[in-house]
Amino acid sequence: MNKVNFNTLYPIEEFKNTVSLKVLVEESDVKNVIVGDYSYYSDFDDPTKFLEKNVMYNFGMSGTQLKIGKFCALAHGVKFIMADANHSTKGVSTFPFAVFGKEWSDKLPIGEYPFKEYKDIEVGNDVWIGYGATIMPNVKIGDGAIIGSNSTVTSDVPDYAVVGGNPAKVIRYRYTKDEIHLLKGLKWWNWDRVYLDEAIEILVKGTVEDLHFFATKKGLIKTS
């Protein structure tokens with residue numbers, strides 16, 4: 001039986017609009033973008049341009065990274081704004097004089113600008129980011145979250161939250177607090193492939209309780 005293969009650039013052989021992000025990144029020279037297994041990006045035009053067109057202002061000056069977990073689905077036009085996009089706001093002017101070089105750079109090199117320090121952009125596991133959404137610097141998106149189309153995410157997104165708008169706000173949670181606690185303990189995205197394959201129907205159609213029962217039966221979690 002043929003198996004789904006995410007170790008190739010195009011996991012759907014006949015469909016060139018979806019790429020395995022992990023393979024795309026590993027085949028590039030970009031070192032500060034890290035992607036987990038099975039995550040993909042779909043684009044109506046050319047998904048192989050993701051690192052050039054969708055990871056914006058990635059000049060490397062800030063030292064920050066973009067980290068994307070496992071089983072993430074990124075729709076067309078999703079943008080990540082890296083911290084290098086930011087201007088210094090500590091002084092009177094936000095104008096980046098040193099960027100233009102020559103005497104302006106001599107007066108105060110860009111390395112001496114008092115830029116705000118930013119954390120990495122982190123996207124958890126099993127996250128769905130909708131069409132045209134923008135993720136700003138310093139943002140952490142929790143596991144199982146859904147980001148609505150054309151949203152602008154400016155602050156952290158909790159696990160299993162559905163957010164939307166500009167700036168994005170929590171619309172609802174996909175599960176109760178107890179169910180989220182169970183899911184965080186199960187971490188199904190880390191299971192071996194044989195168990196993942198077996199659990200697909202539960203993952204797509206089942207409940208958290210169903211998944212917990214499956215994991216217990218298979219010895220994937222310890223019983224009390």
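Student: Okay, what should I know before I start?

Tutor: This is a predicted model, in which local features need pLDDT of at least 70 and side-chain atom pairs count only at pLDDT 80 or more, while totals for chains, interfaces and linings use all residues. Residues are numbered from 1 along each chain as its sequence is written, and side-chain values use heavy atoms, with hydrogens and water left out.

Student: How many helices and strands are there?

Tutor: The protein has six helices and 15 strands; both are DSSP runs numbered from the N terminus, with helices (H or I) of at least four residues and strands (E) of at least two. The C-alpha trace spans about 70 × 40 × 30 Å along its principal axes.

Student: And how much of it is buried?

Tutor: Of the 224 residues, 39% count as buried, where buried means under 20% relative accessible area, exposed means over 50%, and partly exposed lies in between (1.4 Å probe, protein chains only).

Student: Now the sheets. What is the order of the strands in the open sheet that has β2 in it?

Tutor: That open sheet has four strands in the order β2-β5-β8-β11, with parallel pairing, and two strands pair if DSSP finds at least two bridges between them. Its edge strands are β2 and β11 (140-141), each of which pairs on one side only. Strand β8 (residues 121-123) and β11 pair in the parallel sense over two bridges, and V123 has I141 in β11 as its bridge partner.

Student: Which residues have the most contacts inside the largest nonpolar core?

Tutor: They are F50, I68, L74, F80, I129 and I141, in a core of 34 residues. A nonpolar core is a set of buried Ala, Val, Leu, Ile, Met, Phe, Trp, Tyr and Cys residues joined through side-chain atoms within 4.5 Å. Several elements each supply at least two residues of this core, including α2 (50-53), β5 (66-68) and β14 (161-165), and α1 gives the most, with four residues.

Student: What does I68 touch?

Tutor: Leaving out residues up to four places away in sequence, I68 touches L21, I34, V35, G36, S39, L74, F80 and V123, where contact means heavy atoms within 4.5 Å.

Student: Switching topic, which residues of helix α4 are buried?

Tutor: In α4 (residues 177-186) the buried residues are I180, L183 and L186. They sit on the same side of α4 because they cover an arc of only 120° around the axis, the arc being that of the directions from the helix axis to the C-beta atoms.

Student: Why would residues spaced like that line up?

Tutor: An α-helix has 3.6 residues a turn, so residues three or four places apart point the same way.

Student: Which residues are on the other side, and what covers the buried ones?

Tutor: On the other side of α4, K177, D178, H181 and G185 are exposed, whereas the cover over the buried residues includes β15 (168-173) and α6 (208-217). Just after α4, K187 takes a positive phi of about 45°.

Student: Last one, how many aromatic pairs are there?

Tutor: Rings of Phe, Tyr and Trp (its six-membered ring) pair if their centres lie within 6.5 Å, and planes under 30 degrees apart count as stacked, over 60 as edge-to-face and the rest as tilted; by this rule the count comes to 16 aromatic pairs. One of them, Y57 with F59, is edge-to-face, at 6.2 Å centre to centre and 90° between the planes.

Student: Is that F59 buried or exposed?

Tutor: F59 counts as exposed, at 58% relative accessibility, and Y57 is partly exposed, with a relative accessible area of 41%.
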